[in-house]
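Biologist: Can you put the model up? I'd like to go through the sheets, the helices and the ligand site.

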Amino acid sequence: MPGRLRLALFGPPGAGKGTQAQLLTDRYDLAHVSSGDIFRHNLRQGTPLGLRAKKYMDRGELVPDEVVIDIMLSKVMSIHADDGFILDGFPRNTRQAEELEAALTARARNIDKVLHIDVCEEELARRLGGRFVCRDCQAPFTHQGDGPPPACQRCQGDLYQRDDDRPEAVQRRIGVYRDETMPVLAFYRDRGLLADIPGKDSVDKVFKRIVETL
Ligand code: AMP
């Protein structure tokens, strides 16, 4: 099955989704479809989409479905039928999940497994305070302490802290996850696709758990 896995990855902000998605992408040769990366890319390029998404992103709120769904579905549907993918950050509410399911079912390309990285809120708040992202390759890193963060370990690019990793936005993002995204987990649990992965341990341990599940 490797190379053709169709996965969706869930976890609250700070659960290590981006890191695990990257590891899974490399291991199983998957297309990594990250809605957050798509919006940030558009924001940097100053596209109408980026400008429209900015105010929601800065506040830690969801970008409206009318903006998100078409873009994400066309991105997913543009992946070749023989290629696997991992969805990271989409779907984020029940309506997005229903629309994705309808689109995938119409093409007989259903999701094989939904991975839920489970981390308690206390640990999330601690981690997000030290979260940095590479400006060039978008890889996430944790850096605690007062000094500036080191360069990116993957590509030597500059690391920066996202606006939506500020404390007020972090609290809002955790609340949005709880209210809007957790119901999506129930949606996939009902379909027998959900795997809960305890996510408080090291990156390697969590990755090992995921691979065992797959
Ligand atoms: P992320 O990097 O996944 O945390 O996404 C960053 C921000 O982009 C989120 O806080 C939202 O404002 C927006 N965003 C990403 N994915 C979605 C989505 N599926 N639906 C709505 N907004 C999204």
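Modeller: Strand β1 (residues 6-10) pairs with strand β3 (residues 85-88) in the parallel sense, over four bridges. Strands here are DSSP runs of E with at least two residues, helices are runs of H or I with at least four, and both are numbered from the N terminus. Two strands pair if DSSP finds at least two bridges between them.

Biologist: What should I know about the source and the numbering?

Modeller: This is a predicted model, where local features need pLDDT of at least 70 and side-chain atom pairs count only at pLDDT 80 or more, while totals for chains, interfaces and linings use all residues. Residues are numbered from 1 along each chain as its sequence is written, and side-chain values use heavy atoms, with hydrogens and water left out.

Biologist: How many bridges join β4 to β8?

Modeller: Five, and these two strands run parallel. V114 has L194 of β8 as its bridge partner.

Biologist: So what is the strand order of the five-strand sheet?

Modeller: The order is β2-β3-β1-β4-β8, in an open sheet with parallel pairing. From one strand to the next the twist averages 20°.

Biologist: What about the three-strand sheet?

Modeller: That sheet is open too, with the order β6-β5-β7 and antiparallel pairing. Its edge strands are β6 (140-142) and β7 (159-160), each pairing on one side only. Strand β5 (residues 131-134) is joined to β6 by three bridges, and V133 has P140 in β6 as its bridge partner.

Biologist: Switching to helices. At what angle do α2 and α4 pack?

Modeller: Helix α2 (residues 35-45) and helix α4 (residues 65-77) pack at about 110°, with their axes 11 Å apart. Axes are lines fitted to C-alpha atoms, for helices over the stretch in contact, and angles run from 0 to 180 degrees between N-to-C directions. α2 and α4 are therefore roughly perpendicular. The classes are: under 35 degrees roughly parallel, over 145 roughly antiparallel, 65 to 115 roughly perpendicular, and the rest oblique.

Biologist: Which residues make that contact?

Modeller: S35, I38 and F39 on α2, with V68, I71, M72 and K75 on α4. Contact means heavy atoms within 4.5 Å. The residues divide into five nonpolar, one polar and one charged. Ala, Val, Leu, Ile, Met, Phe, Trp, Tyr, Cys and Pro count as nonpolar, Asp, Glu, Lys and Arg as charged, and the others, Gly among them, as polar.

Biologist: And α5 against α7, what's the angle there?

Modeller: Helix α5 (residues 94-106) and helix α7 (residues 167-190) pack at about 40°, with axes 8 Å apart. That makes α5 oblique to α7. T94, A97, E98, L100 and E101 of α5 meet E180, P183, V184, F187 and Y188 of α7. By class, those residues are six nonpolar, one polar and three charged.

Biologist: Now the ligand. Which residues come nearest?

Modeller: S35, R40, E61, G89 and R92, out of 16 residues around the ligand. A residue is near a molecule or strand if one of its heavy atoms lies within 4 Å of it.

Biologist: Last topic, backbone geometry. Which residues does the cis peptide bond join?

Modeller: F90 and P91, with omega about 0°. P91 lies in the loop between β3 and α5. A108 has a positive phi of about 50° although it is not a glycine, and A108 lies in the loop between α5 and β4 (113-118).
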